[in-house]
Amino acid sequence: MKDTSKHQGRRNQLAAVLKAKGITDENVLNAVRKIPRHLFIDSSFEDHAYQDKAFPIAADQTISMPYTVAFQSQTLEIKPEDKVLEIGTGSGYQTAVLLELKAEVYSIERQKELFKRTSLFLPKLGYKPKKFIFGDGYKGLKEKAPFDKIIVTAGAPFVPNPLLSQLKIGGMLLIPVGDKTQIMTLFIRKSAKEFEKHELGDFAFVPMLEEKN
């Protein structure tokens, strides 16, 4: 698991690209500068690790574009000690960004192969979420609710009600909603029954699947 000054230089370049695309949160940019993204993907893609592209990972899933990760992280305004539920651990790159932002992270992954791989890999880099869960993200994590922020990293055909109900008042849920392409949708909980909804543009994600394999 090598991380060289050449990798660091590429990360600095990637942060500059993201800044040019509208990422202004310095904490998010610093996380991009720090996290060795090349270690999160297959070594055959290593030369492309710091391009703003999505890549295939195990179990027919993808690691999101760095811009998407940065956009979601910036939009949620993650603060230190925020209790964050992540739906779709995947490679763990977004998880690492959340941990660099000093959040308390609970992460759910429904693909057994990815769950096993990432739950072993992340701690080797020094990233330790509060909890890794193998399970169905549609159900959220009721026993640890309410959450300050919930981030969904897979396209959902609809917004699962359990996720809305597990938000704190004032909390935010960010979820890509739709089938082939998704609209990034932000929900802010205003009261027990009232949510404010914002649509933030089109993104493409792998689908969020119910149940677990």
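**Close-up views of a predicted model**

**View 1. Helix α1 and the residue that follows it.** Helix α1 is followed by G22, which has a positive phi near 110 degrees. The model is predicted, so that local features need pLDDT of at least 70 and side-chain atom pairs count only at pLDDT 80 or more, whereas totals for chains, interfaces and linings use all residues. Residues are numbered from 1 along each chain as its sequence is written, and side-chain values use heavy atoms, with hydrogens and water left out. Helices (H or I, at least four residues) and strands (E, at least two) are DSSP runs, numbered from the N terminus. The 16 residues of α1 (residues 5-20) reach 23 Å from the first C-alpha to the last, close to the 22 Å expected at 1.5 Å a residue, where the expected span is 1.5 Å times one less than the number of residues.

View 2. H7, R11, L14, A15 and L18 are the buried residues of α1, buried meaning under 20% relative accessible area and exposed over 50%, with partly exposed in between (1.4 Å probe, protein chains only). An α-helix has 3.6 residues a turn, so residues three or four places apart point the same way. The buried residues of α1 pack against α2 (26-34) and α3 (66-75), with contact meaning heavy atoms within 4.5 Å. On the face turned away from the buried side, α1 carries the exposed residues S5, K6, Q13 and A20.

**View 3. Strands β6 and β7.** Strand β6 (residues 147-152) runs parallel to strand β7 (residues 167-177), and four bridges join them; two strands pair if DSSP finds at least two bridges between them. I150 has L173 in β7 as its bridge partner.

**View 4. The hairpin of β7 and β8.** Six bridges pair β7 with β8 in the antiparallel sense, and M172 stands opposite I188 in β8. The hairpin of these strands has four residues between them, and in this hairpin G178 takes a positive phi near 145 degrees.

**View 5. The hairpin of β8 and β9.** Strands β8 (residues 182-189) and β9 (residues 195-203) run antiparallel and are joined by seven bridges. The bridge partner of R189 in β9 is F195, and the hairpin joins β8 to β9 through five residues.
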